[in-house]
Amino acid sequence: MSHRIVIVEDDLDLGEALTQALGTHGLAVTWVRSVDAGRRFVEAEQPDVLLLDLQLPDADGATLLAELRARHQRLAVIVISARDALTSRTRLLDLGADDYLVKPFEIPELVSRIHAVLRRVRGQASARWQIGPLLIDTQRRVVEHADGRVIELPRREFDLLVELVGSAGRVLTREQLQARLYRDPDAVQSNALEVHIHGLRKKLGEALIKTVRGVGYLLDGGPT
Amino acid sequence: VKGWLNRLGRGWPGASFRRVLLIQVGAMLVGWAVWILAYWLGYMHGTPPGASLRNDLPQVAQLLADTAALKPERAALDARLQGLHNGYTEMLRMKTPAFGWVVWRADGSVLASDRAEAAWWAGRTAASEGDIEVPGRGTWYAVQRLSADGSMRAAAAVQREALNAQLGLLLRATLVPTLWIVPFLLPTTLLIAWVATLPVRRLAREIEGRDAADLRPVDDTRVPAELRPVAGAINGWLRSLAQARGAEAAARERERTFFANAAHELRTPLAAIGAHAHTLAQRAAGQGEPAQAATTAGLQAAVRRMAALLDQLLLLARLDAQAHTEAVLPLDLAQVLRERVAHAAPRALALGTQLSLQAQAPAPLHAQPEALHSVIDNLIDNALKYTPPGGEVQVLLQRRAPGWAVGVLDNGPGVPPALHEQVFERFFRAPGAQQPGTGLGLAIVRETTRAAGGTVALGPGLGGRGLGIWVTWPAGAAAG
């Protein structure tokens, strides 16, 4: 399935370059140069991903973000900005941006972020995720291996796997995982998370989930 | 004396209120002493009216002689003396041995006397006035007078010691209350000085307790009139300081805007070059042209280097600009480290480097978040860059009162001790370094850490090799 991407970027060079570069990855890109054009395109065409610059000729990109966020829950927004201050980044993420990339960025990085935000935004709807030899079916709550085996997972382990897959390529800290998996993280036994990770590794292979000691876990490589 | 006066004169402008007041009290006491001395001298040598026995003696002697001439009876003499109200009658009433009298007839026989001693000076008629030595009873001062008709002679005398005692009594009566006042006077004086300087201290406290950024005028409504010029001068100075600060802040804001704009202007075309290079590389790979692929790879590497350099330069400039403006917030250093290590972990994974964190939560401190992040990110980035694939980087958090120490240790090639100082210089690159680097990372680490009141030190890395960089941060702000 091809995702429709809209770029709101006033710079001629960058807009042109991004359209071409994303095209080489098979992504269909529409490029507009103002907040107003971006707003009209989103309303009319319902794209999947919005790549949003901040310094635009007619308004600040942040105003468009705040405005669209209220009406288009399923639109994934990645801010691409030359502003790298922590405060600017935090403010935009608070406003509802799904990700924030500072210019200049590498195209493969942008492509993987686009896929990641799409997964997160559509995570609930997407029934099947492919990771390496594994196919994860969120509706039937089973994992199928390429060799035909069906791997059944206990509820907690499956939830944990879904969280890790949803953030593939990023580290989830122990606190984040505990907050998302357990209703009352303080009441859970302190090693519950380790036990579930251990269970997943035993069933799905040791290499799938990496430990970052003292921090948390990450699932390497994004699903397709 | 001249030197002392000079010193006093010189000391005057800086003399404390308390000293001035104490000097005033001292001067008052000296004045008192002089007054008492003058009184005493006057008593001894002058004739203050009705003040002493000495002045009354001639009158008493004359009175006794005249009374005896009129009515030569003991009872009459006693009655006469009782009627008097001078000091000597008081002495008589007290039965003091200090007063004595005698009345002689013309033939020299004693008509009456109040003392046995009177007989002793019976024969001494020569002097009308003078001292008489009475064996065993000291010196007496006696005065003799004849009655008007010459039939009777009377003498009145007082003991010298009694005279002196009276004087002593008088002096005591004046001096003792004065001396009693002194112990009350001293604390009172100090209290007055304390109360009088209260507004000065309040003013000092108000200014002392201020934040460096607080340039509001001081409250001069509760300041006494004498201090108002001082408060006014302080307020004037604060006003000009506030103006200067305002101008400075505006300049800094312009600078910040400039950097933000410069960043945008430089970064956007660089992003376009990078995107074009990527498109070229994709096409070259698609068409199977290795020479073109190598060229585009070189182009991409150059863009990456330029981007990194631009990032660091802008970060350095921004940290400089906002060193005084970024808000200091309460943070958990352990939480910040988890975030930053999590952020760097995917890159470490891609490099095949094992990155780990040892941090006991929580580690509260007050710091500027962006400054803190840039230090930690640069330390981790530096360690990952110089640790060969398969290596290890450990991030450690330790308590080092009054703040925290963060160590980033690797088992890479390390840095020879001779270069330990130079690695912190801007644009320093180790001789023969293969990794792409800007030479700004550690400069940012040190400058930012020092600005926050911390320290940076190099040490051994992991397993006796590599490099360990330790950064300490004070717990910071709000009095720790």
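What share of the 224 residues in chain A is buried? Buried residues make up 50% of them, where buried means under 20% relative accessible area, exposed over 50% and partly exposed in between, with a 1.4 Å probe and protein chains only.

The model is predicted: local features need pLDDT of at least 70, side-chain atom pairs count only at pLDDT 80 or more, and totals for chains, interfaces and linings use all residues. Residues are numbered from 1 along each chain as its sequence is written, chains are lettered from A and ligands numbered from 1 in the order in which they are written, and side-chain values use heavy atoms, leaving out hydrogens and water.

**Chain A**

Chain A has 8 helices and 12 strands. These are DSSP runs, helices being H or I with at least four residues and strands E with at least two, numbered from the N terminus. Contact means heavy atoms within 4.5 Å. Among contacts in chain A between residues at least 6 apart in sequence, 56% link residues at least 24 apart.

**The interface**

| Item, chain A and chain B | Value |
|---|---|
| Residues of chain A in contact with chain B | 34 residues |
| Residues of chain B in contact with chain A | 32 residues |
| Buried area between them | about 2900 Å² |
| Salt bridges | 3 salt bridges |
| Polar contacts, both residues at pLDDT 80 or more | 8 residue pairs |

Buried area is the accessible area (1.4 Å probe) that two parts lose on being put together, summed over both. Here 61% of it lies on carbon and sulfur atoms. In chain A, Leu86(A), Pro104(A) and Arg213(A) lose the most area to chain B, together 20% of what that side buries.

A salt bridge puts a side-chain nitrogen of Lys or Arg within 4 Å of a carboxyl oxygen of Asp or Glu. Glu175(A) forms one with Arg338(B), with the closest N and O atoms 3.4 Å apart. On the side of chain A that touches chain B, α1 (12-23), α5 (107-122), β10 (171-173) and β11 (209-212) each supply at least two residues. α1(A) gives the most, with 6 residues.

**Arg429(B)**

Arg429(B) sits in the loop between β10 (403-410) and α13 (441-451) of chain B. Arg429(B) counts as partly exposed because its relative accessibility is 30%. Gly439(B) is 10 residues from Arg429(B) in sequence and 5.3 Å away in space, C-alpha to C-alpha. Not counting residues up to four places away in sequence, Arg429(B) touches several residues, including Tyr386(B), Gln435(B) and Gly439(B).

Notes
Polar contact = N/O pair within 3.5 Å; in protein donor to acceptor, adjacent residues only side chain to side chain.
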